[in-house]
Amino acid sequence: VYHLLQVPRGGEYRLTLADGPDVWLNSDSRLRYPVYFRSGQRRVYLEGEAYFQVRRDTLHPFIVEATDRLSIEVLGTGFNVQAYPEEKEIYTTLNRGSVKVCHGQQEVGLQPDQQAVYSLAGGPIEIHPVKASRVSAWKDGQFLFEEDELETILLRLGRWYNLDIFYADPEVKGFHFTGDLEKYEDYTLIFKMLEKATKIK
């Protein structure tokens with residue numbers, strides 16, 4: 001028997017699963033998980049973004065199935081998964097511990113402050129160095145951007161503030177922005193900051 005937890009745009013939620021793992025769900029995300037984990041593997045299903053904190057248990061590995069395209073196997077760790085179906089890539093970012101990211105015959109291991117990127121169009125899983133605490137800062141009430149494209153930024157802001165974004169000039173989607181923004185501020189203040197930094201109205 002499974003629960004399905006759906007977090008709407010503009011929302012967030014934290015829960016503790018039956019045997020102890022803590023999960024922070026970001027806006028516009030869905031998590032399907034069993035009422036009780038049976039012996040052996042512990043498996044949950046994610047669409048959207050979530051941060052997981054899992055205590056080490058070598059006899060009962062914890063597995064996250066991301067949009068039914070990617071499996072992340074965990075022994076004990078803190079990590080972030082971003083797997084929105086409408087986006088082009090799935091990101092797995094490791095804060096501490098170790099995880100194994102699998103797709104078909106591909107299998108890669110991550111060390112802390114590494115990010116695995118899987119393209120939904122196919123191809124190998126890529127690993128990049130990142131500052132993991134910046135990626136998961138959303139659960140602590142912050143947006144931290146570092147040379148991110150405006151399209152990506154506004155997609156995230158749109159989920160949190162329940163906004164639909166329209167571009168009069170599609171070329172501005174590729175503009176880049178670096179900055180730290182408080183998550184709970186009035187979104188008009190964030191847009192004013194973006195306007196000053198990018199000269200975009």
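Visitor: Where is threonine 67 found?

Guide: Threonine 67 is in the loop between strand 6 (62-66) and strand 7. Helices (H or I, at least four residues) and strands (E, at least two) are DSSP runs, numbered from the N terminus. The model is predicted, so local features need pLDDT of at least 70 and side-chain atom pairs count only at pLDDT 80 or more, while totals for chains, interfaces and linings use all residues. Residues are numbered from 1 along each chain as its sequence is written, and side-chain values use heavy atoms, with hydrogens and water left out.

Visitor: Threonine 67, buried or exposed?

Guide: Buried, with a relative accessible area of 16%. The cut-offs, for a 1.4 Å probe and protein chains only: buried is under 20%, exposed is over 50%, partly exposed is in between.

Visitor: And what is threonine 67 in contact with?

Guide: Leave aside neighbours within four places in sequence. The contacts (heavy atoms within 4.5 Å) are then Leu46, Glu47, Ala83, Pro85 and Ile90. Take leucine 46: threonine 67 is 21 residues from it in sequence, but the two C-alpha atoms are 6.0 Å apart.

Visitor: Switching to charges. How many salt bridges does the structure hold?

Guide: It holds 14. A salt bridge is a side-chain nitrogen of Lys or Arg within 4 Å of a carboxyl oxygen of Asp or Glu.

Visitor: What does lysine 100 form a salt bridge with?

Guide: Glutamate 73, with the closest N and O atoms 3.8 Å apart. This pair links distant parts of the chain: lysine 100 is in strand 8 and glutamate 73 in strand 7 (residues 70-83), 27 residues apart. Both ends are partly exposed: lysine 100 at 28% relative accessibility, glutamate 73 at 27%.

Visitor: Which residues do salt bridges that share partners join into one network?

Guide: Asp28, Arg30 and Glu47. Arginine 30 pairs with aspartate 28, closest N and O atoms 3.6 Å apart. Glutamate 47 pairs with arginine 30 at 3.3 Å.

Visitor: Which strands hold glutamate 47 and arginine 30?

Guide: Glutamate 47 is in strand 5 (residues 42-54) and arginine 30 in strand 4 (residues 29-34), so the pair ties together parts 17 residues apart in sequence. Arginine 30 is partly exposed at 22%. Glutamate 47 is too, at 31%.

Visitor: New topic. Which side chain of opposite charge is nearest to aspartate 148?

Guide: Arginine 156, 4.3 Å away. Aspartate 148 is buried yet has no salt bridge. For charge, Lys and Arg count as positive, Asp and Glu as negative; His and the chain ends are not counted.

Visitor: What else surrounds aspartate 148?

Guide: Leaving aside neighbours within four places in sequence, the contacts are Ile153, Arg156, Phe175, His176 and Phe177. Aspartate 148 itself is in strand 12 (residues 142-149). A polar atom of its side chain lies 3.1 Å from the backbone nitrogen of glutamate 146.

Visitor: Backbone check. What is phi of aspartate 113?

Guide: Near 65°, a positive value in a residue other than glycine. Aspartate 113 is in the loop between strand 9 (106-110) and strand 10. Its relative accessible area is 36%, which is partly exposed.

Visitor: And phi of asparagine 162, what is that near?

Guide: Near 55°, again a positive value in a residue other than glycine. Asparagine 162 is in the loop between helix 2 and strand 13 (176-182).

Visitor: Is asparagine 162 buried or exposed?

Guide: Exposed, with a relative accessible area of 52%.

Notes:
A polar contact is a pair of N or O atoms within 3.5 Å; within protein, one must be able to donate a hydrogen and the other to accept it, and residues adjacent in sequence count only if both atoms are side-chain atoms.
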